[in-house]
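These are my notebook entries on a structure that I looked up. I set down what I checked, entry by entry, together with the terms I used.

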Amino acid sequence: MFEKSRRLIRGRFHIAQKDFQMIFLASVLVMLAALALVWPNVRKVKLSYDYQALIAEREKLSNENHLLRLERESLQSLYRIQQLAKNEVGMIEPTKGQVTTIFLK
Amino acid sequence: MIFVSGLLLLFAVSLIARLANLQIAQHKTLLAKSEKQPHHGNLKTYLGRGTIFDRNGNELATNLMVESVFVVPQEVRDRKYTSKVLASALGQNYDRVYKEVSSNKQFAWIKRKASTDEIIHLKKAALSGVRFRSEQKRFYPKRELAANVIGFVGTDDYGLAGIEQTYQGKLKGMVYSQPIEQDGRGRNIQNLGSLSRSNLGNYDLMLTLDEVIQFTAEYHLTKQVERYKADSGMAVVMNPNSGEIYAMANVPQFNPNNYNKFTPETRKNNTVVSSYEPGSIFKPIVAAAALDNGIAQPHDKFFCENGSFKIGGKNIGEASNHKYGSLSMQEIIAKSSNIGAIKIAQKLGKDSFYEYIRKFGFGEKTNIRLPGVSSGLLGKRKNWNERSLASISFGQEIAVTPLQMVVALSAIANGGTLMEPHIAKALMRDGKIIKEIKPKKIRRVISEKTSRQMMEILKFVVENGTGKKAAIDGFEVAGKTGTAQKYITETQSYSKTEFISSFIGYAPADNPRLAILVMIDNPKGRHWGGVVAAPVFVKIVEKSLRHLNVTSRKERIFILDRA
């Protein structure tokens, strides 16, 4: 394909092989320079989209975490714990003689 | 051939030159131009109200993301059907919803901050013209706990009561607008500014309240109020050395998540808003003033007129028609003799008594940052009549808030210094303390010697006087009972059937950690402060001291070495 195009261009414009190579090289260099200039921007935009998606994901997880924390706080309500301890587990308050204090050093 | 190559080269060079011109030479101009173009949107972030914590970091008030429902009337296809579904899903009045849906408005709220179930139901219906908007709703995970102190916020997140109201300026949520680069489809590409809470205005707030002590006070107060079928109850627990409020309990309670289902009366914080005639719990103030003034010593005798003393044409007697003869000051307080208290006050004199009452902080606001704080009622000295000195000496003709009373007792307990009570401990951001609120001394009221003498007198009350039910095995308790007759405005006289039963005290007496007042309004059956209020005091002291790692002398203690 490349050889066919080369022949066609050389035949059409009557370009010597050496000149053709020079022009081709120059074009490639220009293209590479242009790509080198544009590529970081393309990459930057792509990374920005990824970053925004991660921000949204973090926001979602953070909300979920917040809700779970709230649920934990609600479940830790002392009124609720006392009701559960007394009515469901059948716990009773210890009498004075049954209490021993242990301090950890 | 050379011409063609030259042309190509020229093209390439001009391309590079243009690129350099755009990217380097015109960089700043084009960047500025680009920022003004519409593809730079604004990302609006709502930073919710600050969280309220107790002193140990437990969340007492926080935010919940919820959705609100609104309609765009022009986009609604079937108004009747839409209104019917909306009214049924959101529990709203059909006529009101229909009126909004049929209006010419661009936008009409149907329900702010709807529940998750309501939203799920409505989203399934997929109605045209019905839209949702995320909002933050204030949420109180501990429900009734300290509700009268924390308060609540309105639909627009504005504090309407309690801490939420007084700290509105520090807690309020805010919308932060941040420039953001967007593509042609409106998708966000990158943030053009940094969003950090540290340079924004609102704070989290840490209170001095202790969840465990607050719960203990509320729980035992509620039990006693129910047991004696009383109208209401209050308890204040304070650190007498720093003025930090550990608990402020009000019964009946309310749930701030549904505050509009409760009456304004129930939502009041009576410990600071309402004032009461203190009755006999005011007698320690008389005794402290007399001791500090040097006009009497604890064992000085006063003649108590055998139970009947006429002042200003009115006979004053003792509770339960006791007929005391000669009593020492210590016995007067222990037996709660009205006539004895009058005799001490008379010896002290009106001017001096008034001065001490003012020094103890009565008749002025306590400076605690809560809404509606009352200064109580104290008549000006020049307006006192011939009975005023006598009445005030046993706690009538003066009205005090429960907090004022605890602050005054704390001065007696801590060696004589009146401390400013405070409910906020620190302002915080991102878990870090930004500003700590330090204890503040107001003034010295009595000497340390008087404070020690008062401790002995108040211990005597609990050991041998009316406060025996406040004794706690293993701890020394100092305190005073009170049984105040309620003043009936209609008849302008004191009720013989309605009382306010109180107990005020501190523990451990020799090294006070807690100063506590318990007041129970209009108990039925029994009404003595030593019977109705003292047991609540005992429960609060026992549980709270355990929570604060203060051990009793009767306790078995083991110290385990982690190593």
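**Entry 1: a helix of chain B.** I began with the length of H17(B): its 12 residues should span 16 Å at 1.5 Å a residue, and the end C-alpha atoms are 16 Å apart, which agrees. The expected span of a helix is 1.5 Å times one less than its number of residues. I took helices (H or I, at least four residues) and strands (E, at least two) as DSSP runs, numbered from the N terminus.

**Entry 2: conventions.** I note that this is a predicted model, in which local features need pLDDT of at least 70, side-chain atom pairs count only at pLDDT 80 or more, and totals for chains, interfaces and linings use all residues. Residues are numbered from 1 along each chain as its sequence is written, while chains are lettered from A and ligands numbered from 1 in the order in which they are written.

**Entry 3: burial in the helix.** Is H17(B) mostly covered or uncovered? I found it mostly covered, with 12 of its 12 residues buried. A residue counts as buried if 20 or more other C-beta atoms lie within 10 Å of its own, as exposed if 12 or fewer do, and as partly exposed in between, with C-beta atoms placed from the backbone. Among the buried residues I listed B:Pro402, B:Met405 and B:Ala413. After the helix comes B:Gly415, whose phi is positive, near 105°.

Entry 4: B:Leu403 is buried because 30 other C-beta atoms are within 10 Å. Setting aside neighbours within four places in sequence, I found B:Leu403 in contact with B:Val236, B:Thr271, B:Val272, B:Thr366, B:Ile368 and B:Pro421. Contact means that the C-beta atoms of two residues, placed from the backbone, lie within 7 Å. From B:Leu403 to B:Ser275 I noted 128 residues in sequence and 9.4 Å in space, C-alpha to C-alpha.

**Entry 5: chain A.** I counted 3 helices and 1 strand in chain A, in the order α-α-α-β from the N terminus. Its radius of gyration is 38 Å, well over the 13 Å that the globule rule gives for 105 residues, so chain A is more spread out than a compact globule. The radius is taken over C-alpha atoms, and the rule is 2.2 Å times the number of residues to the power 0.38. The C-alpha atoms fill a box of roughly 110 × 35 × 20 Å along the principal axes. Of the 105 residues in chain A, 1% are buried.

**Entry 6: where the chains meet.** I found 30 residues of chain A in contact with 33 residues of chain B. Helix H2 (17–75) and strand S1 (100–104) of chain A each supply at least two residues of the side that touches chain B, and H2(A) gives the most, with 16 residues. S1(A) pairs with strand S26 (residues 556–560) of chain B in the parallel sense over 5 bridges; pairing requires at least two DSSP bridges between two strands. In this pairing, A:Thr100 stands opposite B:Arg556.

**Entry 7: confidence.** Chain A has a mean of 85, and chain B averages 91. In chain B, confidence is lowest in strand S1 (residues 40–47), at a mean of 70, and highest in H17(B), at 98. The model scores ipTM 0.71 and pTM 0.82. Where pLDDT is low, the predicted coordinates should not be read in detail.

Terms used
pLDDT = per-residue confidence, 0-100.
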